[in-house]
Amino acid sequence: MLTRARRHRILTVLTATAVAVTSLTGLAVAAPADQPSPREEAPANGADRNETAAADPTAAQARVAVATGENKVGTRQGYPRQTELRVYPEDPSDKTIKLGLTPYHAIAPALNELQDRSDRVSVEIAGRSGLGRDLYRVTLTAPERASQTRQQDAWRELIEDDPARAARDKKLERDYKVPVWINNNIHGNEWEGTDAALRQISYLATTRDAAARRLLEHSRIVFNVTANPDGRVAGTRANANGFDMNRDFATSSQPENRAMRDMMIDTQPVISLDEHGYSEGTLIEPTGPPHGQNYDFDLYIRHGLANGLRMEKAVQALGYPEAQDVVVPFRDLPPGEWDGWPPIFTAQYAMYHGAVSYTVEIPLQVNNNAYDTLPVEELRRRAAINTDVSEATVRTTLDYTAEHRVELVDNQIEIFRRGAAGERQRFIPDGFVPGFGPEDRFTTEFPRAYVIPAGGAQRSATAAARLVDHLVAHDVRVRQATRGFSLGGRTYPSGSYLVDMHQPKRGLANVMLEAGKDLSADAPQMYDIAGWSHRLLWGASVDIVRKGDVRVPSRPVVVASPTGGVDAAPGRDLALRVVDGKDASAVNDLLGRGIELRRRSDGTVVVPASAQVAAREVADRYGVRFALAPTGEPGAVLTRLTVAAAVAPDELFALRDMGFDVRPVSTAILDGGYDLSRVDVLVVSSGLRFDQLEPAARAEVEELLARGGVVTRGSTGSRFNADAGLLQVTAVPGRGDANGVVTVSNVDADVLAGSTSTSFVYSPQWFTGLGDGVTAEQRYATGNPLVAGHWLPNEDGTGGPDSASGQAAVVSGVDERGARVLMFGTEPMFRAHPKGLYAQVANGIYWSATR
């Protein structure tokens, strides 16, 4: 039997090289806009995306050299598993130094010293940051022989693979070491969790206290010491790629998030903490509603609230006046102000792996404006209090775990058992815990299965393989049919993929594959996004099977089957339709080799027969499939493109992920004399104002418009269009916090012909008053276009989904100078999530660059 742990280990080995390559590519570093306190903040990679353009790294932010620590003991041995960590050079610019906290370069020496002193501490390299810094996974537990470790691993696998049998295993109940996972510093300028972790690590590694030593005999306590070392050093909320990583778990676009995901899967914690700051008073979850509808919430909230209230008392018992105001969102906040709906946050994602999990916000601000303006003594006083608060929540949680270890393990077993058995979620009555009421009741009806078809039924085999690999990487179980089958009234060919929803982590499978829910009537606002869907936004065809016998001849999937190839005889021209971001990657790879391609009016890219060898290479690399080019028009010449982009960090990441040669620009950069003479296309969504350009910079832009094209998104892009006098349209803003999955129509599409019928919006726009020659490439569906998310009208009744009904969401046209312009009112690259929409941007760039 291919167990969950074996599947994950195999996948880790197979993808390690790809992850390393991803983490070492030259990507942009962007300092985020100043962040207010979390209760009031605009979500990162959110509204600020229209204001601050991404930039490339400066010399001071140069990439850190990668170094591999040396394991003192093989990973197949018992515990401790110790690593001689690379010691980084002292960095006097590290932002923690001013606060009297531990700079990144001091962490490795401290951990090396502890490993020399104690056999209770193990340190392993869990991965590397975007700039190549080591991510430290520290495990505290009593020493184990190799045979004992194998037994612990077997029990952990049994809990997930056969939870019903695990529930009956008395030896497991008595001897299983309860896993705890504590994550720190995911926001780089929320520092103190790391220092609290280091304190606890040192204490548990060296103490003679009998209770602490008993805890380690019955537990494995795993610390991710700093989840965001690049942000820690630079003093930025985001990582080196400009991403708020506490919004990336469902997507896992960042190397640090993939490391955290893998730690959760490998650890399988029964309880976890994610240490944050700063909230004008400590904040300790559980969250308020809406709660994720895919949870077995009864199995979370009882322990979740009990330990949350204990942490509150522990923080108050410290005696600091500044720490007496503790907010427990479940108890204290109205719906939507601090909700637990999306699986993008650490704590909410961890729940799908069987953990009772928490976000903790420490109270006293020391970052952003406070960092720059307060005296050093005050900053250090605050940082010391914050460290004490963070450590108090860790100590309390460890005490709670020791006291309730059997109940917490049983709780996790029951989560997985219900999933594997396909049982319905339990009805939770009012008063189940103090304060639970109708506003907290969110459930769903799980389908029997999802099918991802192979062959002709699949819109994009590349997208299907990407989705399958993503699910498997997140510990969702997928099987591949070994012969054709019928299910739900449809027939599927051999090679199709089946996600049987009778599986331990069905909640995680469903939260990725379901459409979601329109929450507009459930809360007046949401803390962050309320809609996402890998099924609807990642470009793959996915069918829902509501009921029936899903036993089909199949095998478990470790990685998806290869999808690339060339379906043409040697000596024949090839054709590729750009329907996925990977298709764009293939096109850009060929262009980067100096191969001249042609683009036909229907968007087909034609590859000359002389480039078949290169085409086969890129087909294999990106998983795309080239067809025999049909006879027809020769098409416009397409050569290597240079794109100047005034965009948000997530969009810069997505453009480069598609292989475009992107040069970040902004108003300031263009005014500084940037040469646009070799630029083919300008992409504008953030940080560029045409009306604020100096005359020389404006002349450069005008010259570009006379020979190239423009792609815009959002309010900044629409303003650029108006100020530069491009297309005759009126941009109408929707409500600013509206977001989610929407239904669209592509009936009149030219540039976006063949696009999916769903899209994503965040602060949506639409266009009216379309002038002559302006085409509505995409329209919001008539009626209510929102499929899932949160979209209310403004107080005056404008800006809602009814106002957007039937309106143009994306428009194209040619201005009087000859510039080809494509304007998005949607969000095709939002936080690098909607992979199935990337091709819309790519086709817009190719179209705008060819005349």
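Visitor: Which residue stands opposite Met823 in E36?
Guide: Thr712 stands opposite Met823. Keep in mind that this is a predicted model.

Visitor: And which strand is joined to E36 there, and is the run parallel or antiparallel?
Guide: Strand E28, residues 709-713, is joined to E36 by 5 bridges, and the two run parallel.

Visitor: What about E35 and E36, how do they pair?
Guide: Antiparallel, over 5 bridges. E35 covers residues 808-814. Ser812 of that pairing stands opposite Leu822 in E36.

Visitor: How many residues sit between the strands of that hairpin?
Guide: The hairpin of E35 and E36 has 5 residues between its strands. Among them, Gly818 takes a positive phi near 100 degrees.

Visitor: Is E36 mostly covered or mostly open?
Guide: Mostly covered. Of the 5 residues in E36 (820-824), 4 are buried.

Visitor: New topic: the open sheet. What is the strand order?
Guide: E17-E12-E16-E13-E18, with antiparallel pairing. E17 (543-545) and E18 (554-556) stand at the edges; each has a single partner strand, so one side of each has no neighbour in the sheet. On average, neighbouring strands of this sheet are turned by 30 degrees against each other, direction ignored.

Visitor: How many bridges join E12 to E16?
Guide: There are 4, between residues 449-452 of E12 and 497-500 of E16. Val451 stands opposite Leu498 in E16.

Visitor: Which helix packs on that sheet?
Guide: H16, residues 461-473, touching E12 and E16. The direction of H16 makes about 140 degrees with that of E12.

Visitor: Now the cores. Which residues have the most contacts inside the largest one?
Guide: Leu140 and Ile221, in a nonpolar core of 139 residues. Helix H14 (376-403) gives the largest share of this core, 8 residues.

Visitor: What is Ile221 in contact with, leaving aside its neighbours within four places in sequence?
Guide: The list includes Val138, Leu140, Val180, Ile182 and Leu398.

Visitor: Which residues does the second core include?
Guide: Ala584, Leu590, Tyr622 and Tyr846 are included in that separate core of 64 residues.

Visitor: At what angle do H19 and H20 pack?
Guide: About 145 degrees, with their axes 10 Å apart. H19 is residues 581-592 and H20 is 612-622. The crossing is right-handed.

Visitor: Which residues make the contact?
Guide: From H19, Lys582, Ser585, Ala586, Asp589 and Leu590. From H20, Ala614, Ala615, Val618, Arg621 and Tyr622. They divide into 6 nonpolar, 1 polar and 3 charged.

Terms used
Residues numbered from 1 in each chain as written. Predicted model: local features only at pLDDT ≥ 70, side-chain atom pairs only at ≥ 80, totals over all residues. Heavy atoms only, no water. Pairing = 2+ DSSP bridges. Axes fitted to C-alpha atoms, helices over the stretch in contact; angles between N-to-C directions. Contact = heavy atoms within 4.5 Å. Core = buried A, V, L, I, M, F, W, Y, C linked by side-chain atoms within 4.5 Å. Buried < 20%, exposed > 50% of the residue type's maximum accessible area, 1.4 Å probe, protein only. Left-handed = near helix turned anticlockwise from the far one by under 90°. Nonpolar A, V, L, I, M, F, W, Y, C, P; charged D, E, K, R; others polar.
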